[in-house]
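Here is a short report for a reader new to this structure.

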Amino acid sequence: MTSPMTLSDALPGRAIASHIRIGRLPPASAVIPCLFLVLLILAAIEPRLFTAANPLAIAPREAFQPPGPAHLFGTDQSGRDIFTRVIYGARQSLLLGVGAVAVSMTLAIALGLIGGLGGRITQRAVGWTLDVLFSFPTLILALLFASHLGNGIGPLIIATGIGNVPGYARMVLGQVVSARHAGYVEAARALGHSPARIIRRHILPNAMRPLIVTVTMGIGQAIVWSSALSFLGLGAKPPAAEWGTMLSMGRDFVQRAWWVTFFPGLFIVLTTLSTTMVGRYLQRRLEGRLP
Amino acid sequence: MTEATVRPALVVEGLAVTLGRGVHRRRVVSDVSFTVAPGKAVALVGESGSGKSVTARSLVGLAGDGADVTARALRYGNIDLSALDERAWRRLRGKDIGFVLQDALVSLDPLRVVGDEIAEALAAHGWGTAASRKRRVLELLDSVGIPEPELRARQRPDQLSGGLRQRALIATALALDPPILIADEPTTALDTTVQAQILALLETIKQRGTGLLIISHDLAVVSRIADEVVVLNHGEAMEQGPTAEVLSRPRHAYTRLLINSVPGARPRKPRAAPATTETVLEADGLVKSYVGPDGVDRVAVDDVGFALKAGRTIGIVGESGSGKSTTARIALGLLDPDHGAVRFDGAPWAGSGEARVRERDRRRQRPHLGVVYQDPLSSFDPRWTVAEILGDALDAGGVPAAEHATRIGELLERVRLPVETAGRRPLQLSGGQRQRIAIARSLAASPKVIVCDEPVSALDVSVQAQVLELLDELQRETGVAYLFISHDLGVIRQVSDEVLVMFGGRVVERGPTEEVLGNPQHLFTQKLVAAIPAHVAGLDAVGASLPG
């Protein structure tokens with residue numbers, strides 16, 4: 001069996017924990033990323049709140065305009081406004097992040113529960129399956145599925161999601177196994193509760209609780225992976241306003257027009273950073289209150 | 001022993017320690033004074049939070065970051081300890097004052113063989129050459145009573161038993177033959193018979209002229225070795241003086257409480273025979289073996305049986321690995337025996353082969369067989385409040401949800417907890433309160449039997465006494481029967497009508513408690529009896545003279 005990995009193993013650092021209890025307000029390191037994510041979600045719901053332009057409208061005469069008052073983030077090779085495209089890309093990227101995590105968590109929880117609650121043989125089979133999947137780097141695994149499923153956002157979500165399954169499944173498995181052997185599970189058995197009730201009321205909630213943090217951080221991670229797939233030409237087709245695709249479209253002009261790649265890249269970084277910081281804040285909060 | 005007379009003493013006068021930062025800063029030790037003279041032993045006794053460990057650590061300059069240690073006098077021989085800097089402390093530690101840390105398993109480097117660990121203590125002070133250090137290590141291991149020192153010196157801590165680890169740790173502290181040795185809880189977490197061996201070793205060290213400072217929560221341990229005792233409570237010395245005097249004529253109420261709480265100091269109060277003599281839990285010829293890590297079958301429980309009658313208590317006593325907890329798990333129906341059978345409330349409860357009972361058939365009866373564990377905290381779902389924990393148990397017993405609120409109130413009252421406790425989480429409660437919640441949970445469905453697996457082992461003595469008292473009252477009120485597992489014969493003596501002594505998976509002796517204790521037949525039982533506090537000089541008289 002793999003030893004159950006806890007989040008505190010994965011992410012050290014509770015130095016800021018003392019801030020949380022002193023004041024009511026969360027620290028700036030949590031508030032600012034939250035604000036950024038809220039703005040991003042608004043952009044995803046209604047991009048016209050931020051820009052009036054059309055993300056796909058071409059204006060060849062205005063190609064490669066550097067960032068300025070007319071075009072905040074400059075324009076690309078066909079004269080499309082990059083700021084507008086980045087804003088419109090938020091919907092796709094968030095959808096990708098949330099969707100991919102939903103796909104991977106669904107599969108990971110299913111595998112983790114089967115492995116963690118099944119008999120000795122089932123447990124071993126799941127363990128081996130995960131070991132085999134683990135031997136492929138996430139991106140390779142995602143590439144494998146993306147190349148089979150074809151282009152577009154749906155396949156991209158599924159491919160990115162599956163690519164992340166081994167990591168999540170191993171964590172769920174560890175949590176389920178440790179919850180299964182916890183004293184309160186035996187105490188519940190001794191009270192005469194049925195296995196179904198014990199799984200529902202003790203094992204599931206206790207195994208899932210630490211995963212809240214993982215899921216939050218996972219969204220940012222999934223955006224990076226799916227952008228990578230798009231960059232490799234396996235995601236959304238150009239000229240779709242998707243951050244990874246935009247990176248890919250701009251790579252030939254990096255020397256001449258840095259802004260074409262810089263701004264989509266910046267937003268990928270900021271989004272990932274924000275989800276990670278919010279995730280770590282949640283982690284400290286939950287760890288502070290739980291044994 | 002001419003050398004002993006010139007050995008310096010450790011003098012502590014008016015020691016005060018302040019710990020913590022900001023709003024948490026508080027004084028944990030105030031105005032504590034004592035002198036550790038060569039060839040004498042002083043004991044600091046107190047319960048958790050009494051400041052005894054902090055006191056000990058301050059004497060070797062290890063009180064910790066942010067600790068403020070002050071004293072009217074803090075002297076070792078002619079050296080003023082309060083003026084030492086870290087480098088001077090390092091020269092002193094080990095060479096002049098040896099320190100035995102509390103937990104041998106975590107205090108020894110798990111990746112290093114024991115011989116190297118001790119040799120390093122020597123090398124750190126530039127003692128001898130590599131070859132002479134090697135000889136000294138073997139000599140030390142031999143002197144602390146470790147058999148086959150050549151072999152043991154090459155083993156890692158995890159390859160040694162608890163008793164040998166503790167000896168190795170003491171050997172490390174003794175490496176440079178320090179005139180003063182401080183031992184923090186040297187016998188805690190050791191089996192009773194091993195405890196007696198370590199105490200004998202400390203006694204020898206004392207007689208060789210070393211001054212001992214023993215830190216312990218256990219008055220019984222202290223009474224066997226200390227010449228002087230300091231009773232600490234909330235960082236203050238409640239009482240101090242020669243051991244025999246303090247134990248036989250305690251002046252302070254807290255000392256009396258501590259002495260009175262020592263389990264087994266008094267035999268069980270006599271009580272009327274229960275109305276019924278119905279056998280509620282019966283085990284016959286239980287056998288259980290496990291496959292060990294080396295692939296060899298190990299018999300954990302070998303031909304164990306008992307018959308528990310309503311309203312009575314059977315105590316099972318034994319050391320770690322004696323099979324007592326396995327017996328408890330089989331009795332609870334959480335583990336199927338390889339042979340033998342258990343009957344609960346007149347019906348088959350557990351068995352093997354043909355007689356195996358399906359979990360499905362047991363489930364309806366389970367609420368009537370309660371359980372209380374050693375570590376209550378881990379037996380509660382960390383997300384739940386006390387009300388949810390008790391509500392869940394009531395649910396299991398088929399109590400309709402509408403009655404939960406009143407019943408939870410009743411249960412809390414029964415275990416003498418305020419009703420406000422219902423809204424709190426176990427994490428916010430003290431050890432004793434948690435154990436009361438665990439007892440309340442086991443009572444939820446009016447059980448016929450409660451299996452108590454080391455229910456007071458993790459508690460301070462005074463809390464231990466309260467919990468045992470509560471169990472006793474509940475038995476008289478409700479007529480519940482207990483199967484009581486403990487490593488502590490003193491505890492068993494206080495609660496049991498009948499006792500089973502287990503050794504190596506077998507029952508080596510059984511019978512009415514006072515008979516077994518009064519006239520132990522088996523060698524192991526004799527050792528256990530010899531180690532219980534009631535038979536320790538000084539406490540015997542106290543136990544008898546104390547009012548019920």
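## Salt bridges

E86(B) pairs with R90(B) in a salt bridge, their closest N and O atoms lying 3.6 Å apart. A salt bridge here is a side-chain nitrogen of Lys or Arg within 4 Å of a carboxyl oxygen of Asp or Glu. E86(B) and R90(B) are 4 residues apart in helix α3 (residues 86–92) of chain B, so about one helical turn separates them. Helices are DSSP runs of H or I, at least four residues long, numbered from the N terminus. Over all chains, the whole structure has 35 salt bridges.

This is a predicted model: local features need pLDDT of at least 70 and side-chain atom pairs pLDDT 80 or more, while totals for chains, interfaces and linings use all residues. Residues are numbered from 1 along each chain as its sequence is written, chains are lettered from A and ligands numbered from 1 in the order in which they are written, and side-chain values use heavy atoms, leaving out hydrogens and water.

## Where the chains meet

Contact means heavy atoms within 4.5 Å. On that basis, 23 residues of chain B touch 20 residues of chain A. The area buried between the two chains is about 2000 Å². Buried area is the accessible area (1.4 Å probe) that two parts lose on being put together, summed over both. Carbon and sulfur atoms give 55% of the area between chain B and chain A. On the chain B side, R363(B), P382(B) and R383(B) lose the most area to chain A, together 27% of what that side buries.

Between chain B and chain A there are 5 salt bridges. R197(A) and D395(B) also meet through their side chains in a salt bridge, at 3.2 Å from N to O.

## Helix packing in chain A

Helix α4 (residues 82–117) and helix α10 (residues 211–231) of chain A cross at roughly 125 degrees, their axes coming within 8 Å. Axes are lines fitted to C-alpha atoms, for helices over the stretch in contact, and angles run from 0 to 180 degrees between N-to-C directions. α4(A) and α10(A) are therefore oblique to each other. Oblique covers what is left after under 35 degrees (roughly parallel), over 145 (roughly antiparallel) and 65 to 115 (roughly perpendicular). Residues in the contact include L94(A) and V98(A) of α4(A), and V215(A) and I219(A) of α10(A).

α10(A) also packs with helix α11 (residues 243–250) of chain A, at about 40 degrees and with axes 7 Å apart. That makes α10(A) oblique to α11(A).

Terms used: Helix = DSSP H or I, 4+ residues; strand = E, 2+ residues; numbered from the N terminus.
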